[in-house]
Amino acid sequence: MTDGIVIIGAGEAGVRTALGLRSTNASIPITLIGEEPVEPYERPPLSKTVLENKEECGTPPIISSFETLVEKNISFVHGSIVKRINRIKRQVMLDDGVWIPYLKLVIATGARPRRLSIEGEEHFFYLRTFADAQSLYQRLRRDSEILVIGGGLIGLELAACARGKGCQVTVIEAAPILLSRVAPACVADYIRARHKTAGTKIIMGTQVRSADMKAGKTHVALSDGTTIVADTVICGIGAYPNESLAEASGLDVNDGIIVDAQLKTSDPDIYAIGDCAKFPQSRLNGIPQRLESWRNAYKHAEFLAENLFAPNASFSDIPWFWSDQYNISMHGAGYLDLAEEIVIRKLEDQAVVAFGIDSDGALVSVTGVGLGNSIAKDIRIAEQLINVRAKLSHKLLADVDVSLRHLLRSVV
Ligand code: FAD
């Protein structure tokens, strides 16, 4: 085999890189290696439409079929785990002992669910893969009692799916508010109210202490001394980057594989992208950040496919995410951590858009929630305002009669 580009991980970042590279370079050998034994698929629907299906577990949209990968002359080694990277010989070793040489290596190994380190944790379910979704699907039956640990995005999406299927749902969150990492209080309150209307019970400021299985039910002991009994306990408390392969080969890691603005690791022939990569945020004065979001994985791949052989460009993009729960959508963009003040714009149907303003008075984040896609347009325009660090009157930002497009025109 001629040395070419080897990509470890056939998720959003890995597959998009392979497809993007092929469109810019018709001849270079590309090998994509993925642990999961299926066609590469989109992960976000796993906690949404895939579980919502009434008849049978839905299948997530695929990123690329086996046939397309063959057509594009991308060698796809699926159901295989890369166990070692030999940086001296520039080879990776698969779990069957086969070595594959590389000219450039891309690590796109993603992330795995964070597990609770408590007694009885082995009785909990987690959601990362389609296989996880299939086993959860069987358990989300009408009237079954579901306990979701974690009031973050995935936990709340799971709660909404389970409630939609008629399960009795309780969400337990250790923090005193929901979605504390991604949403300001007004957005979190809107989402909490929607869950309450749907009949989901939410317990906040309480932790899980231990779990035990008795007569087919999971008994979960809480920090307030009470016990919840559930048919199924699903844990959604964040994720860890899959960095051990990189670490074992001597690459720099620290809660993610450290890369520079070109997405290059501490080895000039190895790149890391997507959920596993910690990259310098140009808008945060280069502070390294790791993002677990679909668009970040997509944009990293797009950037790398264009710039792998043109190493002077720097990656730059504003973080963006979305979440669907029941009939509402939440979107967020920018850097909520930098916001010193929140300005709220109230729209029709109680939709709300919250702008984050930093200590210089510049717009640094936007988060919104509303029925269907009602806030998507405002978020897109606000993203452009964040891009130019717009300094706007708080009164105008809050005034629903002043269009954001008009405000954008006033600053660009
Ligand atoms: P992954 O998609 O995790 O792909 C990595 C792949 O690498 C995996 O298939 C893994 O098995 C494989 N792999 C790992 N190690 C090896 C190895 N050694 N050898 C071979 N293969 C290996 N983001 C949003 O913005 N909005 C959403 O609404 C949203 N919803 C989500 C819902 C769920 C249930 C999940 C799990 C994620 C969601 N995300 C969402 C996040 C988004 O899906 C991820 O950010 C994105 O999938 C990251 O892509 P990736 O390619 O970096 O990693």
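These questions and answers walk through helix contacts, a pocket and a cavity in a predicted model.

Visitor: How do helix 1 and helix 8 lie, roughly parallel or roughly perpendicular to each other?
Guide: Start with the angle. The axes of helix 1 (residues 12–24) and helix 8 (residues 294–307) cross at roughly 30°. Angles under 35 degrees count as roughly parallel. Helix 1 and helix 8 are therefore roughly parallel.

Visitor: Which residues of helix 8 does helix 1 meet?
Guide: The axes of these two helices come within 8 Å. From helix 1, the contact uses Glu12, Ala13, Arg16, Thr17, Gly20, Leu21 and Thr24. On the helix 8 side they meet Trp294, Ala297, Tyr298, Ala301, Leu304 and Ala305.

Visitor: How many residues in the contact of helix 1 with helix 8 are nonpolar?
Guide: Sort the contact by class. Two residues are charged and three are polar. The nonpolar residues number eight.

Visitor: Is the crossing of helix 5 and helix 6 left-handed or right-handed?
Guide: Helix 5 (residues 153–164) and helix 6 (residues 185–198) pack at about 20°, with axes 11 Å apart. That angle makes helix 5 roughly parallel to helix 6. Their crossing is left-handed.

Visitor: What residues of helix 6 meet helix 5?
Guide: Helix 5 brings Leu156, Ala159, Ala160 and Arg163 to the contact. By class, the residues of this contact divide into five nonpolar, one polar and one charged. The partners in helix 6 are Ile191, His195 and Ala198.

Visitor: At what angle do helix 9 and helix 11 cross?
Guide: Two packed helices are described by the angle between their axes and the distance between the axes. Take the distance: the axes of helix 9 and helix 11 come within 9 Å. Now the angle: they cross at roughly 15°.

Visitor: Which residues of helix 11 make the contact with helix 9?
Guide: Helix 9 passes helix 11 in a left-handed crossing. Helix 9 supplies Lys377, Asp378, Ile381, Gln384 and Leu385. Helix 11 supplies Leu404, Arg405, Leu407, Leu408 and Val411.

Visitor: How many residues of the contact of helix 9 with helix 11 are charged?
Guide: Six residues of this contact are nonpolar. One is polar. The charged residues number three.

Visitor: Which element gives the largest share of the lining of the second largest pocket?
Guide: This pocket holds about 200 Å³ of space. Its lining includes Lys377, Asp378, Ile381, Leu404 and Arg405. Helix 9 (376–387) and helix 11 (404–411) are the elements that give two or more residues. The largest share, three residues, comes from helix 9.

Visitor: How many charged residues are in the lining of the second largest pocket?
Guide: Arg345, Lys377, Asp378 and Arg405 are among the lining residues. By class, the lining has five nonpolar and two polar residues. Its charged residues number four.

Visitor: What is the volume of the largest cavity?
Guide: The structure holds one cavity of 30 Å³ or more. Gln262, Tyr271, Phe303, Leu304, Asn307, Leu308 and Pro311 line the largest cavity. Its volume is about 30 Å³.

Visitor: Which helix gives the largest share of the lining of the largest cavity?
Guide: The lining has five nonpolar, two polar and no charged residues. One of the lining residues is Leu304, and Leu304 also meets helix 1. The largest share is three residues, and they come from helix 8.

Terms used. Residues are numbered from 1 along each chain as its sequence is written. This is a predicted model: local features need pLDDT of at least 70, side-chain atom pairs count only at pLDDT 80 or more; totals for chains, interfaces and linings use all residues. Side-chain values use heavy atoms; hydrogens and water are left out. Axes are lines fitted to C-alpha atoms, for helices over the stretch in contact, and angles run from 0 to 180 degrees between N-to-C directions. Helices (H or I, at least four residues) and strands (E, at least two) are DSSP runs, numbered from the N terminus. Angles under 35 degrees count as roughly parallel, over 145 as roughly antiparallel, 65 to 115 as roughly perpendicular and the rest as oblique. Contact means heavy atoms within 4.5 Å. Ala, Val, Leu, Ile, Met, Phe, Trp, Tyr, Cys and Pro count as nonpolar, Asp, Glu, Lys and Arg as charged, and the others, Gly among them, as polar. On a 1 Å grid over the protein atoms alone, a cavity is a set of points where a 1.4 Å probe fits but cannot get out, and a pocket is an open set with protein on both sides within 12 Å along at least five of seven lines; lining residues have an atom within 4 Å of a point. Grid points are joined across faces, edges and corners, and a volume is the space filled by probe spheres set on the points. A crossing is left-handed if the near helix is turned anticlockwise from the far one by less than a right angle, and right-handed if clockwise.
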